[in-house]
Amino acid sequence: MSHAARRSFCRCVAPAVLALVAGAASAQTTRLVPSQFATIQGAINASANGDTVLVAPGTYGEQINFSGKNITVRSSAGAATTTINAGGAGVVVSFVSGETRAARLEGFTITGGELLGAGGAGVTIVGSSPTIVDSVITGNNATSNGSAFRALGGGVRVDGASNPLFTGVAFESNFANGGQGGAIWVGFTGAVAE
């Protein structure tokens, strides 16, 4: 290759390499709660696939939805000091938009879910296959709504071609009042690995 040809080749390849490096760097952003984002959901909303939401110890009074994003939401100090509490407003954590195993929830106490109807007050997983690690799912209640909707899964409901992975997850004091599966209910799905 001549000297001129090498210079031309370098001018063409260098910008492409820089663009690839910049793209790879931006794909791995860590978003801090609450120092950068006041809420976990706010950090999720700002995230893209491959990002991490890192949550400091505390109790977060909110409901979160991964919204189809394959991201990691992790506490910095574990479930004993980091809680997501829905305060009776509905489902605490939702995976209902086709999330894969790359959607990870790690190191939280998940509580305060209250649902009138189908169930999954703590965690609802429909058509998704997330990974939930080193967490405690406790104090969540699903209650039947007459004969039309039975309570299915006070702690967790898994339905609709889902295949989640639970590792190091404890279930405590979850109830399906007038239904089935106080801790976990598995419906029309693939499998649940524990």
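Start by selecting strand 13 (residues 136–138) together with strand 17: the two pair in the parallel sense, over three bridges. This is a predicted model. Within that pairing, pick out valine 136; its bridge partner in strand 17 is alanine 170.

Five strands form it, in the order 3-6-9-13-17. The sheet is open, and its pairing is parallel. Go to the edges next, where you find strand 3 (58–60) and strand 17 (170–172). Each has a single partner strand, so one side of each is left without a neighbour in the sheet.

Move to strand 1 (residues 30–33). Show its side chains. Arg31 and Val33 make up the covered face, while Thr30 and Leu32 are on the uncovered one. Leucine 32 stands opposite leucine 54 of strand 2.

How do the two strands and helix 2 go together, in a right-handed or a left-handed unit? Select helix 2 (residues 40–46) along with strand 1 and strand 2: the three make a right-handed β-α-β unit.

Last stop: threonine 72, in strand 5 (residues 72–75). Its relative accessible area is 11%, so threonine 72 counts as buried, the cut-off being under 20%. Display what threonine 72 touches, leaving out residues up to four places away in sequence: Asp51, Thr52, Val53, Ala102, Arg104 and Glu106.

Methods:
Residues numbered from 1 in each chain as written. Predicted model: local features only at pLDDT ≥ 70, side-chain atom pairs only at ≥ 80, totals over all residues. Heavy atoms only, no water. Buried < 20%, exposed > 50% of the residue type's maximum accessible area, 1.4 Å probe, protein only. Helix = DSSP H or I, 4+ residues; strand = E, 2+ residues; numbered from the N terminus. Pairing = 2+ DSSP bridges. Right-handed = clockwise from strand over helix to strand, strands pointing away. Contact = heavy atoms within 4.5 Å.
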